[in-house]
Amino acid sequence: MPASALVLGGDLGGTSTRIVIADHDGNVVGRGSAAGGNPTSHPASAAANFGQALHQALTGLDPSAVQAAVIGAAGGSALARPDVRAQFDAAWTGAGLSGEPVFIGDLEVAFASGTPEPDGTVLIAGTGSAAGMVRGHQLIRTADGHGWLLGDNGSGFWLGREAVRSVLRALDLGEPIGVLGESVVRAVLPERDGTEIAEREGYNVLRDDLVRTVNRRPPVLLAELAPVVVAAYEQNDETAQALVKRAAELLTETVGRVRTTSDNGPLVLAGSVAGESSPVGKILRQTIHDHFAGEVLTARDGVGGATWLALGALDPALATRTNHTRLVT
């Protein structure tokens with residue numbers, strides 16, 4: 001293995017595509033970024049964005065020096081389709097790269113970004129939610145991640161959907177919709193002047209408009225209401241507080257599907273809903289401590305975690321704690 005050998009880490013998310021290239025010592029020598037590279041949510045542009053980020057990261061570098069690559073892909077299951085994989089392979093070779101990149105799921109990347117330990121548990125709670133058991137840096141079991149229609153309990157989507165349902169329930173009963181309800185109406189129906197919210201006789205019209213508007217939009221956009229729930233929670237709205245608490249309970253239940261009370265490895269939390277500043281994340285950390293042993297950590301730079309895994313793929317001796325700290329902080 002030449003001393004000039006490089007490794008490549010990638011993070012293909014729904015919002016952005018990020019590529020990092022590092023040397024033996026974990027020093028970053030190249031970075032690239034582009035728009036979303038999730039092949040599920042961006043089927044028409046993900047591969048092109050991947051190629052753009054690769055070219056940018058390789059500026060001034062010899063592509064043939066890249067000897068190992070690990071790329072985390074949200075929505076990565078789409079890469080199992082030959083036509084999608086062919087597009088990504090073309091972007092890879094089009095950047096002058098050879099060899100086979102290893103594509104892994106976002107759960108593995110999140111875990112590696114949070115800890116250098118080989119074994120533990122990871123939970124992602126953002127737009128969707130999923131948990132996984134990791135052994136030897138590899139994902140061996142998962143729970144939830146079933147998508148908005150069948151699961152993703154406690155996620156940003158779940159919070160948004162439950163917020164709208166709580167408004168509809170209040171309107172059905174002719175009850176005040178409260179701070180959360182008023183905020184949901186303003187977010188979903190911004191063209192309204194707000195008078196209908198306070199008028200009992202306008203409830204049926206408001207209910208029908210909410211139902212019609214939400215059903216016209218892509219379902220995943222309900223996740224955009226998660227910050228509305230958080231804001232109402234901070235204003236002591238009882239419904240919002242109940243939803244936040246329930247979300248933390250559901251996420252704890254998801255963790256319990258892959259982690260037993262005897263496990264003492266680290267548990268890494270990732271995603272905006274599970275974040276340290278999120279009220280769901282704060283309650284979640286407490287409920288996890290109440291139910292499970294082991295250290296609870298927060299995921300850091302996902303592309304750094306993937307790059308550290310690439311170092312280990314090149315030579316296990318390079319996957320040191322020092323290199324991990326250098327790449328993820």
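Here is a short tour of one predicted model, stop by stop.

**Stop 1: helix α1.** Start by selecting residues 46–57, which make up helix α1. With 12 residues at 1.5 Å a residue, this helix should span 16 Å, and its end C-alpha atoms sit 17 Å apart, so the two figures agree. Now colour the buried residues of α1: Ala46, Ala47, Asn49, Phe50, Gly51, Ala53, Leu54 and Ala57. What do they pack against? Show the strands β1 (6–12), β2 (16–22), β3 (28–35), β4 (66–73) and β5 (102–105), plus helix α2 (82–94), and you have the partners of those buried residues.

**Stop 2: a pair of helices.** Next, select α4 (residues 156–173) and α5 (residues 178–188). Their axes come within 9 Å and cross at roughly 110 degrees. Angles of 65 to 115 degrees count as roughly perpendicular, so that's the word for α4 and α5. Zoom in on where they meet: Ala163, Val164, Ser166 and Val167 come from α4, while Leu180, Gly181, Val184 and Val185 come from α5. Sort the residues of this contact by type and you get 6 nonpolar, 2 polar and no charged.

**Stop 3: the cores.** Which residues touch the most other members of the largest nonpolar core? Pick out Leu159, Leu180 and Val184, out of 47 residues in that core. Stay on Val184 for a moment: leaving aside residues up to four places away in sequence, Val184 touches Ala163, Val164, Val167, Leu225 and Val228. Apart from this core lies another one, of 25 residues, including Leu12, Leu54, Leu58 and Ala95.

Note on methods. Residues numbered from 1 in each chain as written. Predicted model: local features only at pLDDT ≥ 70, side-chain atom pairs only at ≥ 80, totals over all residues. Heavy atoms only, no water. Axes fitted to C-alpha atoms, helices over the stretch in contact; angles between N-to-C directions. Helix = DSSP H or I, 4+ residues; strand = E, 2+ residues; numbered from the N terminus. Parallel < 35°, antiparallel > 145°, perpendicular 65-115°, else oblique. Contact = heavy atoms within 4.5 Å. Nonpolar A, V, L, I, M, F, W, Y, C, P; charged D, E, K, R; others polar. Expected span 1.5 Å × (residues − 1). Buried < 20%, exposed > 50% of the residue type's maximum accessible area, 1.4 Å probe, protein only. Core = buried A, V, L, I, M, F, W, Y, C linked by side-chain atoms within 4.5 Å.
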